[in-house]
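Welcome, and please take a moment with the model below.

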Amino acid sequence: PVPTISWRRADGKQIPRKARRHRSSGLLEIPNFQQEDAGPYECVAENVRGKNVARGQLTFYAQPSWTQRISDVRAALEERVAWECRASGRPKPSYRWLKDGEPLLPQGRVQLEQGSLTIPNVSLSDAGMYQCVAENRHGVIFASAELSVIAIGPDFSKTLLKKLTLVKVGGEVIIECKPKASPRPTYSWKKGKDILRENER
């Protein structure tokens, strides 16, 4: 006789309530398929002469989707810069980074780990447009942010200009001038209001 057909999940879980059966239950439809709907399913055909079971595995795949993006950063020289981007997807996305459209590799001061990028001591050469790329076999997505590095004018706050008293006439005096500045400053010296020029002394 014509068999009756029923459906069940082979892992013991319940078939989702949203599932619909068509054609005398010979067709199972699951609308809006989600990760929790994935798993092993069985179709059971049975009549008075016996029964047969067909099994299939439903697997959930999804292209990457951002859960955390990167945003623009303004940093002073030697500051620490850290970005982190996160994406959902099935299979789990992998990450890579670009700077000004070119692949960024872990090197020296630049540290890359999955969706994280860290520059412990930022320099002017680090300024530019960065992209975090998340991808799996179902898609690729990009998140962009700009790193602006702020140049600092000469700062003498951490430089000590000592007042020196000569004990011996003809002795040598060295005065160091090392302000914090970027880019590298040019220097000039004055004695009072007069500009000092290099000479034999």
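## A buried leucine

Leu-117 is buried, its relative accessible area being 0%. Here, buried means under 20% relative accessible area, exposed over 50%, and partly exposed in between, with a 1.4 Å probe and protein chains only. This is a predicted model, where local features need pLDDT of at least 70 and side-chain atom pairs count only at pLDDT 80 or more, while totals for chains, interfaces and linings use all residues. Residues are numbered from 1 along each chain as its sequence is written, and side-chain values use heavy atoms, with hydrogens and water left out.

Which residues touch Leu-117, leaving aside its neighbours within four places in sequence? They are Val-81, Ala-82, Trp-83, Trp-97, Leu-104, Gln-111, Leu-112 and Tyr-130, where contact means heavy atoms within 4.5 Å. For Leu-104, the C-alpha to C-alpha separation from Leu-117 is 10.0 Å, and the two are 13 residues apart in sequence.

## The sheet around it

Leu-117 sits in strand E13; strands (E, at least two residues) and helices (H or I, at least four) are DSSP runs numbered from the N terminus. Strand E13 covers residues 116–119 and runs antiparallel to E12, with three bridges joining them. Within this pairing, Leu-117 in E13 is the bridge partner of Leu-112. Two strands count as paired if DSSP finds at least two bridges between them.

Step back, and you can follow an open sheet of three strands in the order E8-E13-E12, paired antiparallel. Its edge strands, E8 (81–84) and E12 (111–113), each pair on one side only. On average, neighbouring strands of this sheet are turned by 10° against each other, direction ignored; the axes are lines fitted to C-alpha atoms, and angles run from 0 to 180 degrees between N-to-C directions.

Val-173 is partly exposed, with a relative accessible area of 39%. This valine lies in the loop between strand E16 (152–155) and strand E17 (180–182).

## The whole chain

The protein chain has zero helices and 19 strands. Of its 201 residues, 27% count as buried.
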